Amino acid sequence: MKVLIIHTRQLCYYSGDFFLDRIQEAMEEAGVIVEKFSLCENDDYARLEQYQPHEFDAVLDINSKLPYLQMDTGAFWLDWLDAPFFNIIVDHPLYHHPGLIFPLKKYYVIAIDQAHATYMREYYPHLKKVILMPLAGTKALTEIPFEKRKKELLFTGTYMAKDISEEEIMNCAPNIRDMMLYLRNCWNPMEEPLEDIVRRTVWKDMTETKKMSFQELMNALYPLDRYIRNQMRYQIISDVAAAHITLVIQGEGWIQSPLGDDPYVTILPPQPLPLSIEQMASYQRILDVCPGFYCGMHDRVTSAMANGCVCYTNMSREFSAQLENGKNLYYYSNGQELVELLKQSQTDLFRVAEAGFLLYQQQYSWKEYALKLLREIKLAQQDV
């Protein structure tokens, strides 16, 4: 089998390239021939001219720009190459509507959230298949015994200040702005996905929106999604600090927040993802604040398990029956519940960390991810 990986969009902390490198390594270990290069640095699309139709069994990318590419004849480049294309969407599809609408002949999408997968199956019926497959966890290069690790709680992730998010909303078209101002006061992403509350409220009642498709409206609401995920993240972390629990934050934007002066909070500068993984492996406890996924699994959870850390997450308990509260991770619903867990769960940390690591080995390693993906590629080859 021969697979082409083309990296077209730079993600936060160079994570897209990092994840694609892990996929390449795992596939090559499984005996696959993999060719990979990046178009993010110089956008040298002329490099694509070296390839010929039927040369690859699959093409892979994350949050890809490849669907946009067209030949001089007007044909899509991916259709011309004639290989199944797998677009790994690592956040809500509303962000990627412009790239999902293209009616490519062999378009497959990988989602990391069940609600996202359902959304794409409903609103992009030309997709050949939407596959639910969370990103795998990554082990650090350096292993530190659990008892020798730092005991503070570590959170890695960015923060956008409230005033910046609000300005982004206020600069939108008046009808879209008014929708977002209404929705931000009643939408809880842990109770329902954004598309559900939109259908139930503004889409139903504000008939002028019917001038655009539902997918177009959702795409226009991306500032609301960004606002909610940042404010939820800030509130949960603020609750931990207010309870006088020491917390370490690594990520962009936090030093300008009010938490920058909190005596119980240490803020580290942002780092590329490989260094963040190394940082994670030096802590006993990792905090995951789910980035607005209704029923999905963030890579911070899988990487925490990969490094024998105890993960505290507000991801949906319905995502997997094998992710058990108090067995291989800890669930919380809000900041106050998290504070109580952090105060109570001291004695079982090592046992929970061990169980999480075992689950990572069984289901959430890059080896397992690659094997699942290769099975999907073989199925795609049969789907003519």
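Which helix does Ile176 lie in? Ile176 is part of helix H6, residues 174-183. Helices here are DSSP runs of H or I with at least four residues, strands are runs of E with at least two, and both are numbered from the N terminus.

Before going on, a word on what you're looking at. This is a predicted model, where local features need pLDDT of at least 70 and side-chain atom pairs count only at pLDDT 80 or more, while totals for chains, interfaces and linings use all residues. Residues are numbered from 1 along each chain as its sequence is written, and side-chain values use heavy atoms, with hydrogens and water left out.

(Buried means under 20% relative accessible area, exposed means over 50%, and partly exposed is in between, using a 1.4 Å probe and protein chains only.) Leaving out residues up to four places away in sequence, Ile176 touches Met212, Leu217, Ala220 and Leu221. A contact means heavy atoms within 4.5 Å. Now look for Leu273, which is 97 residues from Ile176 along the chain: the C-alpha atoms of the two are separated by 34 Å.

Gln24 sits in helix H1, residues 15-29. With 17% relative accessibility, Gln24 counts as buried. Skipping neighbours within four places in sequence, Gln24 is in contact with Ile5, Val34 and Lys36.

Strand S3 covers residues 58-62, and five of its five residues are buried. In a regular strand, side chains alternate between the two faces of the sheet. For S3, one side has Ala58, Leu60 and Ile62, the other has Val59 and Asp61, and all of these are buried.

What about partners? Strands of a sheet pair through backbone hydrogen bonds, either parallel or antiparallel. Here, two strands count as paired if DSSP finds at least two bridges between them. S3 pairs in the parallel sense with strand S1 (residues 2-7) over three bridges, and Val3 stands opposite Ala58 in S3. S3 also pairs in the parallel sense with strand S4 (residues 85-89), over four bridges. In that pairing, Leu60 stands opposite Phe86 in S4.

**A six-stranded open sheet**

Further along, six strands form an open sheet in the order S9-S8-S7-S10-S11-S12, with parallel pairing. Strands S9 (265-268) and S12 (330-331) stand at the edges with a single partner strand each, so one side of each has no neighbour in the sheet. S9 runs parallel to strand S8 (residues 247-250), and four bridges join the two.

**Salt bridges**

How many salt bridges does the structure hold? There are 19 of them. A salt bridge is a side-chain nitrogen of Lys or Arg within 4 Å of a carboxyl oxygen of Asp or Glu. Here are some examples:

| Salt bridge | Closest N and O atoms |
|---|---|
| Arg177 and Asp178 | 3.2 Å |
| Asp225 and Arg229 | 2.9 Å |
| Arg300 and Asp288 | 3.1 Å |

Asp225 and Arg229 both belong to helix H10 (residues 222-242), where they are four residues apart, about one turn of the helix. Asp225 and Arg229 are both buried. For the other pair, Arg177 is partly exposed, with a relative accessible area of 22%, and Asp178 is partly exposed too, at 39%.

**Two helices crossing**

H12 packs against helix H14 (residues 349-363) at an angle of about 110°, with the axes 7 Å apart. Axes are lines fitted to C-alpha atoms, for helices over the stretch in contact, and angles run from 0 to 180 degrees between N-to-C directions. That makes H12 roughly perpendicular to H14. (Angles of 65 to 115 degrees count as roughly perpendicular, under 35 as roughly parallel, over 145 as roughly antiparallel, and the rest as oblique.)

Which residues make the contact? H12 supplies Thr302, Met305 and Ala306, while H14 supplies Gly356, Phe357, Leu359 and Tyr360. The residues of this contact divide into five nonpolar, two polar and no charged. Ala, Val, Leu, Ile, Met, Phe, Trp, Tyr, Cys and Pro count as nonpolar, Asp, Glu, Lys and Arg as charged, and the others, Gly among them, as polar.
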